[in-house]
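User: Please take a close look at one part of this model for me. I would like one connected answer that also places it among its surroundings.

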Amino acid sequence: MTKRMKCEKTKDLLVDYLTQDLDPGEYQRVESHLKTCKTCRNALEEMKETLHLLDLAQPPLLGPEFTKQVTTDIEEIEKEPIPTPKQSLWKKWSNLLPSYRLKPVPVFASIIIVCIGVFIYFTYFLPETGIIPKKIEVTFFRPLTLKTGDLTSALSAARAAVHLCKGEIAAEETRASGVRLTVKMPVEKEADFLETLKDLGTLSIEGHYKNKEGQIVILFINTL
Amino acid sequence: MSTRYDYDEDRELVENAQNGKQEAFEMLVEKYKQGIFNKCYFHLPGNKNLAVEASHMTFIKAFKAIKKFRAEAAFYTWLYRIAENTCKDIIKEKKKKETIFLNEGDITKNEEDGPKREIFIHEETPQDNLEKEEIRETVQNCMKNLSEKLRSVILLHYYEKLKYKDIAKNLNIPEGTAKKRAHAAVKNLQECFRKKGLLK
């Protein structure tokens with residue numbers, strides 16, 4: 001080992017040399033080196049001064065009153081009532097059924113399985129006769145059509161017939177297909193009104209000619 | 001009094017404390033009060049009363065949490081960590097109040113109400129020991145500047161007079177690491193002392 005390495009090694013051990021933390025062999029080696037090396041002796045003096053400064057900063061000693069104070073406070077803590085821990089919602093529910101030991105995971109799993117089973121049953125296995133659907137009545141509405149070569153005269157005569165039969169004209173619309181006349185007619189006069197329309201042109205009755213309001217709808221078509 | 005920092009003896013005391021035996025906890029307080037106080041003393045800005053308060057709070061917190069302590073860990077390490085966190089909390093609180101430290105005590109300044117004096121009883125310093133007091137403060141500041149790892153080792157080795165193997169057990173580190181940290185701590189302190197003019 002070179003002298004420099006010896007010095008480095010010795011300096012590293014100076015703290016333990018002074019605090020007597022070296023084994024006997026190491027202690028002897030440091031002692032021998034210090035006898036021959038002024039640099040390391042100076043380093044030793046500096047280390048002594050360093051440790052002396054640490055001694056100056058020694059914290060004060062705590063007296064027995066410290067432990068007494070801690071003990072007093074602990075006794076106060078022991079006297080305090082133990083707060084009741086908040087119960088989770090699950091625990092509250094479980095407590096309502098004391099004879100059962102409910103565990104969250106299996107119970108939730110069971111609920112999910114039941115829901116899936118119900119869904120599958122209603123989707124795939126429910127018989128069709130089980131539920132009888134309500135009968136739906138379909139009414140096809142088709143206005144009366146009156147084909148005429150003189151649309152103006154036919155319309156005029158139809159209006160006059162409405163008034164004669166004590167009915168009233170609810171609407172009159174001109175469309176691409178013709179003129180659409182909507183008439184409100186007393187039921188007992190319907191037959192007479194229809195007879196009159198037959199005289200005005202070719203009348204076609206192809207279905208239910210009354211709208212939702214019960215009014216007769218006639219489509220006047222110009223054949224010219 | 002039993003040997004301080006006896007790892008195996010601690011186990012028994014801790015178990016008894018966890019089972020509700022208050023005397024066992026008191027014995028632990030008596031064992032470790034100086035070590036914890038030393039730690040707090042150097043962590044906080046050299047004020048004895050703050051260090052006492054921090055130490056006191058540490059033991060109260062430890063008592064409340066003793067049942068959570070796992071017996072296989074070193075009790076001192078656990079206690080030391082509580083002290084560490086307590087000191088940090090105290091520093092945070094004091095920073096909020098903008099406390100200025102003076103030799104004769106502490107003046108707490110509240111921004112809203114104006115200057116307010118709070119009395120902390122400081123140790124009386126005779127005039128002829130003023131130089132010593134200044135040196136002590138400088139050393140404390142140098143200690144405070146050490147990292148927590150280095151400071152904890154030097155406190156146990158130099159002030160608590162523990163051997164490296166006992167330090168290793170209490171801090172849950174290898175013995176070689178304890179030695180290295182002690183040497184590094186002293187080296188750093190020497191540097192600091194030289195800069196502050198304490199070493200020629």
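Analyst: With a 1.4 Å probe and protein chains only, a residue is buried under 20% relative accessible area, exposed over 50% and partly exposed in between. This is a predicted model, so local features need pLDDT of at least 70 and side-chain atom pairs pLDDT 80 or more, while totals for chains, interfaces and linings use all residues. Residues are numbered from 1 along each chain as written, chains are lettered from A and ligands numbered from 1 in written order, and side-chain values use heavy atoms, without hydrogens and water.

Let's begin with Lys166(A). By relative accessibility, Lys166(A) reaches 66% and so is exposed. Its phi is near 60°, which is positive even though Lys166(A) is not a glycine.

What does Phe193(A) touch beyond its neighbours within four places in sequence? Its partners are Ala158(A), Ala161(A), Val162(A), Cys165(A), Val183(A), Met185(A), Ile216(A) and Ile218(A), where contact means heavy atoms within 4.5 Å. Phe193(A) lies in helix H8 of chain A, residues 190–198. With a relative accessible area of 0%, Phe193(A) is buried. Between the C-alpha atoms of Phe193(A) and His163(A) there are 9.9 Å, although 30 residues separate the two along the chain.

Still in chain A, Thr145(A) sits in strand S1, residues 144–148. Thr145(A) has a relative accessible area of 15% and is therefore buried. Setting aside residues up to four places away in sequence, Thr145(A) meets Thr202(A), Leu203(A), Ser204(A), Glu206(A), Leu219(A) and Ile221(A).

Lys161(B) is exposed, because its relative accessibility is 56%.

Just after H7(B), Asn172(B) has a positive phi of about 60°.

Helix H6 of chain B (residues 148–159) packs against helix H2 of chain B (residues 22–43) at an angle of about 130°, and their axes are 10 Å apart. The two helices H2(B) and H6(B) are therefore oblique to each other. From H2(B), the contact uses Asn38(B), Lys39(B), Phe42(B) and His43(B), and from H6(B) it uses Glu148(B), Arg151(B), Leu155(B) and Tyr159(B). For the terms: axes are lines fitted to C-alpha atoms, for helices over the stretch in contact, with angles from 0 to 180 degrees between N-to-C directions. Angles under 35 degrees are roughly parallel, over 145 roughly antiparallel, 65 to 115 roughly perpendicular, and the rest oblique.

Finally, here is chain B as a whole. Chain B contains eight helices and three strands, in the order α-α-α-α-β-β-β-α-α-α-α from the N terminus on. Of the 200 residues in chain B, 48% are buried. Among contacts in chain B with a separation of 6 or more, 61% join residues 24 or more positions apart.

Methods: Helices (H or I, at least four residues) and strands (E, at least two) are DSSP runs, numbered from the N terminus.
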